[in-house]
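I opened my notebook to look up a few backbone details. Here are my entries.

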Amino acid sequence: MKFWSTLLLSLSAVSGVLAASSAKETYQKYQSLSRSGPVSLDSAAFEELTKAPRDYYAAVILTAMDVRYGCEMCRQFDPEWNLIGKSWNKGEKPDDLKVIFGTLDFDKGKAVFQKLMLQSAPIMLLFPPTAGPYAKVKADPVRYDFTGPMSADQMYTWLKRQLPEGQLPALNRPVNYMRIVSTVTVLMGAITLFTVLSPWILPIIQNRNLWAAISLIAILLFTSGQMFNHIRKVPYVTGDGKGGVSYFASGFQNQFGLETQVVAATYAVLSFATIALALKVPRMQDVNGQQLAVFIWAGVLFGTYSFLISVFKIKNGGYPFWLPPF
Amino acid sequence: MAQSSPLDIVLKGSSGQSTRGLLRIIILLTIAAAAVASRLFSVIRFESIIHEFDPWFNFRATKYLVQNGFYSFWDWFDDRTWHPLGRVTGGTLYPGLMVTSGVVYHILRFLTIPVDIRNVCVLLAPGFSGLTALAMYLLTCEMSTSPSAGLLAAAFMGIAPGYISRSVAGSYDNEAIAIFLLVFTFYLWIKAVKNGSIMWGALTALFYGYMVSAWGGYVFITNLIPLHVFVLLCMGRYSCRVYISYTTWYALGTLGSMQIPFVGFLPIRNSDHMSALGVFGLIQLVAFAEFVRGFLPGKQFQKLLTAMVLLTFGLGFGGLVLLSVSGIIAPWSGRFYSLWDTGYAKIHIPIIASVSEHQPTAWPAFFFDLNFLIWLFPAGVFMCFQKLKDEHVFVIIYAVLASYFAGVMVRLMLTLTPIVCVAAALALSSILDSFLTMGRPDPEALAKAGAEDSKTLRSTSKPVIGIYSFFSKLTVSASVTVYLLLFVSHCTWVTSNAYSSPSVVLASRLPDGSQHIIDDYREAYYWLRQNTPDNAKIMSWWDYGYQIGGMADRPTLVDNNTWNNTHIATVGKAMSSREEVSYPILRQHDVDYVLVVFGGLLGYSGDDLNKFLWMVRIAEGIWPDEVKERDFFTSRGEYRVDDEATPTMRNSLMYKMSYYNYQSLFPAGQAVDRVRGSRVPAESPQLNTLEEAFTSENWIIRIFKVKDLDNFGRDHSNAVSFDKGLKRKRAAKKKGPRVLRTE
């Protein structure tokens, strides 16, 4: 009795090993390939890696790295993807949890893209294991959505949710020693340079006109909506649909890059005219010259303000006020 | 030149001075009256009512304070919000506003003026705006010797829309008193720096403490004053005045601010406050160095001393950074941090990014809120560089910093407005002063006077002469008058059109021009108050929490005090999931009624379906596997509500509640959503676990009752289809979940 059961057990074990052995080999093959980062795959390798009996997870990113395809996101994300692969392979993880990270470039794997009917890149697919302790019933790959920031952290938290719970390796961004050293060097250099050149630099730094100019430019930039451009990444100009260019965005909550520059320039002209009237004109010695200057500056002020109001009327249709010329 | 006229008696000499003083007081009072009056549009058009969202909580808290006294207000635990958690309200609010109106109320009562607490609350903001105008006058007078600058600044501040937007009657929010406190604290600070007196420094600290009790924006003062001192030190302008005023302010002000339970130990533990502490340390070092310098004659020693000060400061700074990295000092609070790293909030704190007043400011908003002050502002800042005394440095720093903040966040336009008024008044007064004098300058006499001090801007190196021709005076003063008149009408127009609607009550115009009031919010809230049990729990998106608490007096799950992100995400999940998922959530949280805002019938764009994506995003932040933003967009990436809406969208509770029975208003197949401008599916969504309880006149508010468990133990979809008389679908075969066989 005991003999039979032992025989049976060993037999079943052998058959199981036979079935799993091919999967194991595949795993070991790719595992050895991916010492440092994700494995670079081609169509055949992809097929082999994602073949049905597998006792490992396969996370494959399908991308198009060549400049020809103009996939900005692919190139942007590639170092992040390598970072994930590297962190995983180097990190401490449960013994029986196997994950292979792979990269399939469009140039090498057109067939795969056609087979999966993919129109866009990058796409990240996670193939769960079909055998072994973490086997899933649904062997279909899970697809990761590239929304939000293109950072390894975000994808890695997603991956962690897909993988079984346990002690998973942390994402490990390598310390950029080069950068630290160069920063320190540059800093030291700057300090030294400053100390040496201080007799020449100090008068510039202590120059009131310079600081006045800096403050005014900063204020003009901020009050003309530059921060909005920076945060919302608005276009500089857009077409108006008829082949022309529309300089002013429609709507009160919207603006274009060029538009804010026009507005900043308008403010600058208005401010300068005010400064001229308030500070320069009363200091003029010449009687007729002063009269002329007053007329010119007051005229500039009036005209530009009228222009500003007319621009504002474009933005806010219901605005009831206006000044003559525009 | 000196022609005598009958007016000379009142304009010259000592009687002239008192006449001017009297005129000044009259003008200031008129400005204050104008400031109050221009904020009363909403009371006159609608009624004396509290506006918007947050003010409803402040109002409710004030009522509690007036009824139960100060001590129980301090210990108030509110179990009617954040059900089932509750909120330690006394320890999590800024009590300054409520206490102020409580004091006003009791004083009026003491004077036997029978006044309702609601009217005190409604009119508090306009009243304080009058005070702000006065404080503005004082502040600007410190900046300029010109007699007109202060009055101009007060007038600008009184009616500038940037400030009116937060202080119309009924807008009973912290900012209502905080801006007055801000301006007044700055005035006292300038006074302290100028005089170097402990008294002014202590007064600054006192009003700073009041400010801390009133508004979270006190951090602005906490950082601006140290920055001012720091810049003064860097400019080599250390003086005993600065030392005395700063140390007095810091020591007393920090102690004062720690008395507010909500602030507590933040001033010594939070990065937001560390600059104040750092500058405090630095100024001690500098003072010590200055002291020692007196005894050290050698130049080498002085160099050594400077190096030592720099080194100690560097070490201290490094230590601070280390402490905050290691977590002993709390890192920057999210709201404050998102001002510097502008992309931060969108990724990490969607709840901050979701609020519309935290969006960046487009340029029209600046012009809308400040009109011609916006271009006088840089000119005024430039004029501060002329003399560049300590107080002018303050104006420049404030101007640059506040314009950056206002550019990043719409809401901070409020802190920009005061300094814009100061700078614009400086610029305009300097024009008016030279162009509005009757006398004609004598070039010969003036030319001899010679240049003023040499250390000034290039444009002002020559001596002031004056304006010769009467005609140029006329031109400039006439055009300035035009601008001023335009400014006044602009402010009035903006106030009346943009900032005076209570947003609880909506107004529209009928074709014949008459006003039509849409009062759905209050209709619905009073329905809740009249028809539901006193402790019925209402679930809604957090925007409406304070209003439900204030007007309907019912417990809510979440409200505008967004302290618990998970709880808000729970509500978001319930709204964005299928009924089968939502119902257990609703049951677990004892929800009796669900309230949604739907603007489709009226074209009211601020409704819940437009805010829906934020609910999804916030829920996704907590349950990324169960709620996915992607599922609410069609394959082409559009947010649709019509026939092409995704199944997730159409099965979400929010969608179902919004469009439930909506189709019955229209002829078959022609139901239209006027907000999103699309045709709604012909068939009404089916609700199994909720039933419609109330829909307001214009369908803006819809209230649904959560059904109890079925009496026969069926699930709700079966019960509903049974009630409809549908034949029960027979399940072909009882299938258990598929399980992987493992041996």
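I looked up B:Asn661 and found it partly exposed, because it has 13 C-beta neighbours inside 10 Å. (Buried means 20 or more other C-beta atoms within 10 Å of the residue's own, exposed means 12 or fewer, and partly exposed is in between; C-beta atoms are placed from the backbone.) The phi of B:Asn661 is positive, near 65°, and the residue is not a glycine. I located B:Asn661 in the loop between helix 31 (653–659) and strand 5 (672–673) of chain B. (Helices are DSSP runs of H or I with at least four residues, strands are runs of E with at least two, and both are numbered from the N terminus.)

I noted that this is a predicted model, where local features need pLDDT of at least 70 and side-chain atom pairs count only at pLDDT 80 or more, while totals for chains, interfaces and linings use all residues. Residues are numbered from 1 along each chain as its sequence is written, and chains are lettered from A and ligands numbered from 1 in the order in which they are written.

Next I checked B:Ser503. Its phi is positive too, about 60°, and it is not a glycine. B:Ser503 sits in the loop between helix 24 (470–497) and strand 1 (506–509) of chain B. I counted B:Ser503 as partly exposed, because 14 other C-beta atoms lie within 10 Å.

Which bond joins B:His83 and B:Pro84? I found a cis peptide bond, with omega about 0°. B:Pro84 is in the loop between helix 4 (54–74) and helix 5 (96–110) of chain B. Most residues other than glycine have a negative phi, and most peptide bonds are trans.
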